[in-house]
Amino acid sequence: MSGSAFEVLRVLIVEDNQHMRSLLRTLLNSIGIREIQEAGNGATALEMLREKPCDLVLSDLAMKPMDGIDFSREIRQSPRSANPFMPIIMITGHTEKQRVEMARDAGVTEFLAKPITPQSLFSRIAQIVEHPRPFVRCDTYFGPDRRRKTLDHYPGPWRRHDDLRDLHVP
Amino acid sequence: MTKETQHIPPDAYPQMVSKSDAVKISRVLRSSEAVERGARAIQEASEHLREGVRDYVRELEEAIGDHEITAGKAHEIRGFAETAGLRATGRIANGLCRYFEEMRKFGAQPDPAVITLHVSAIVRAANAEDEASRMSDVVAKELAALVAHKLAETKTGLPANSD
C-alpha cells in the first residue's frame, strides 16, 4: 500500500472510552496513519489543538465535561479555533434524530454510526477527501453546507439571498 | 432571516490534503485491501477489545438501580461490543438502550425487571465461551420482544396482549 500520503495526515481522536480510542487508532494505523493524538473529552481536545493542529477530527458525541456538539461548535465558531474548516467526523451510537440534528447544526462534516467497521470508517474519510463540502457563513451558522444535494424541481421556499442567482428561468 | 449568506467553496479554504494526495488516499480507502487490513487489525486486537467490553459489563452490573448510569454503560457496550466480536452482547445492549430511550420519550419510569433481565443476559453473553452461540441470539430476540411488549403497554397505558 502506498503509505506516504497517509503518513503526513494528522488525526485527533476525541472519545471518552479508552477502548474505542484504541480501536480507532488500530484502524487508522492499519492504513498507515501514524500521527494520531487522543483526547478524552472536547475540552482537552481543544487545548491539544491549540498546541498542535491536526487535519481531521474523529469525535464521539456523548462525553463529559464537553460533548461532541459543543466541541464542534467551538472549532467552527471560536475566535481561538486553530482551524474552523477542520473536517469533523462525529461517531455516534445515538439514533435520536434530535441529537444528530444538533450535531449537524454545530457544523459536523460527516457522521459515523457505531458499531464501527473498517469499511464505514474508511468510506467516511474518503468522502471528505473526495468531495470537500462548501462552507456557509450566516448570522446563525458557520460550517459545511447542510444541503447535500440540489433538487432540480425544488419549489422552495428559498431562504438565501442568492438562491435564485444560478437558476436558469426560461 | 440573515442579511447575507457567505458561500465558501472548497478551493477557498485549506484542504485536508492536496488534490494529488486526495486521489491516492481515496483509491486506498476505497480498496478491498484496506478493508481487509482493517478487519485483520481488529481481529488481532479483539481479545483486548473484549476485555474492554467486559470491564463495561462489570460496571453495568454495579450500576443497576441508577438508570442514568445503567443507560450510559449500556450505550458504551452497544457502541463497540459488536466490533469486538461480541455480537449478541451488542444486540442485547442495543435493546436495553432502545428501551431507555423510548421510556424517556414517553416520560415513563423504566420497569426494573426489564432492566435486570437485560443486564443478566448481557453478562452471560459477554462471558460465554462461544458468544455466537444460538442461545445468546435467542435471548436477544426474546428480550427484543419483551421490550416491544413493554413499550406497547406504556404507550397505551394498558397491559398489552401477551401472545
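**Entry 1: Met90(A)**

I began with Met90(A), which is buried, having 27 other C-beta atoms within 10 Å. The cut-off for buried is 20 or more such atoms, so Met90(A) qualifies. I note here that the model is a predicted one.

I then looked up where Met90(A) belongs, and found Met90(A) in strand β4 of chain A. Which residues does Met90(A) contact once its neighbours within four places in sequence are left aside? I listed Ser59(A), Leu61(A), Gly68(A), Ala103(A), Val108(A), Phe111(A) and Leu112(A). One of these, Phe111(A), is also the bridge partner of Met90(A) in β5(A). On the C-alpha atoms, I have 6.1 Å between Met90(A) and Leu58(A), which lie 32 residues apart along the chain.

I checked the burial of the strand as a whole. Four of the five residues of β4(A) are buried, so I wrote the strand down as mostly covered.

Next I took the pairing on either hand. Strand β3 (residues 56–60) of chain A pairs with β4 (residues 88–92) of chain A over four bridges, in the parallel sense. Within this pair, I found Leu58(A) opposite Ile89(A), and Asp60(A) with Ile91(A) as its bridge partner in β4(A).

**Entry 2: the parallel sheet of chain A**

In what order do the five strands of the open sheet stand? The order is β2-β1-β3-β4-β5 (chain A), with parallel pairing. At the edges I found β2 (35–39) and β5 (110–113) of chain A, each pairing on one side only. From one strand to the next, the twist averages 20°.

I looked at two helices against this sheet. Helix α3 (residues 42–51) of chain A packs on the sheet and touches β1 (10–14) and β2 of chain A; the direction of α3 makes about 160° with that of β1(A). Helix α4 (residues 68–77) of chain A lies across β1, β3 and β4 of chain A, and runs at about 155° to β3(A).

**Entry 3: chain A overall**

I counted elements: chain A has six helices and seven strands. From the N terminus on, I read them as α-β-α-β-α-β-α-β-α-β-α-β-β. Of the 170 residues in chain A, 41% are buried. For contacts in chain A with a separation of 6 or more, I noted that 60% join residues 24 or more positions apart.

**Entry 4: the nonpolar core**

I looked up the largest nonpolar core, which holds 81 residues. Which members touch the most others? They are Val11(A), Leu12(A), Val53(B), Ile77(B), Ile92(B) and Ile122(B). Helix α2 (residues 32–63) of chain B gives the largest share of this core, nine residues.

I followed Leu12(A) further. Not counting residues up to four places away in sequence, Leu12(A) touches Gln37(A), Ala39(A), Ala45(A), Met48(A), Leu49(A), Cys54(A) and Val57(A). As background, I note that nonpolar side chains tend to be buried together in soluble globular proteins.

**Entry 5: where chain A meets chain B**

I turned to the two chains together. Contacts link 44 residues of chain A with 41 residues of chain B. On the side of chain A that touches chain B, at least two residues come from each of α1 (4–7), α2 (18–30), α6 (118–130) and β6 (135–137) of chain A. The largest share of that side, eight residues, is from α6(A). I sorted the residues of this side of chain A into 25 nonpolar, ten polar and nine charged.

I then examined β6(A), which runs antiparallel to strand β1 (residues 6–8) of chain B and is joined to that strand by three bridges. Here Arg137(A) has Gln6(B) as its bridge partner, and Val136(A) stands opposite His7(B).

What is the order of the three strands in this open sheet? I wrote down β7(A)-β6(A)-β1(B), with antiparallel pairing. β7 (142–144) of chain A and β1 of chain B are at the edges with a single partner strand each, so each has one side without a neighbour in the sheet. The twist in this sheet averages 20° from one strand to the next.

Note on methods
Residues are numbered from 1 along each chain as its sequence is written. Chains are lettered from A and ligands numbered from 1 in the order in which they are written. This is a predicted model: local features need pLDDT of at least 70, side-chain atom pairs count only at pLDDT 80 or more; totals for chains, interfaces and linings use all residues. A nonpolar core is a set of buried Ala, Val, Leu, Ile, Met, Phe, Trp, Tyr and Cys residues joined through C-beta atoms within 7 Å. A residue is buried if 20 or more other C-beta atoms lie within 10 Å of its own, exposed if 12 or fewer, and partly exposed in between; C-beta atoms are placed from the backbone. Two residues are in contact if their C-beta atoms, placed from the backbone, lie within 7 Å. Two strands pair if DSSP finds at least two bridges between them. Axes are lines fitted to C-alpha atoms, for helices over the stretch in contact, and angles run from 0 to 180 degrees between N-to-C directions. Ala, Val, Leu, Ile, Met, Phe, Trp, Tyr, Cys and Pro count as nonpolar, Asp, Glu, Lys and Arg as charged, and the others, Gly among them, as polar.
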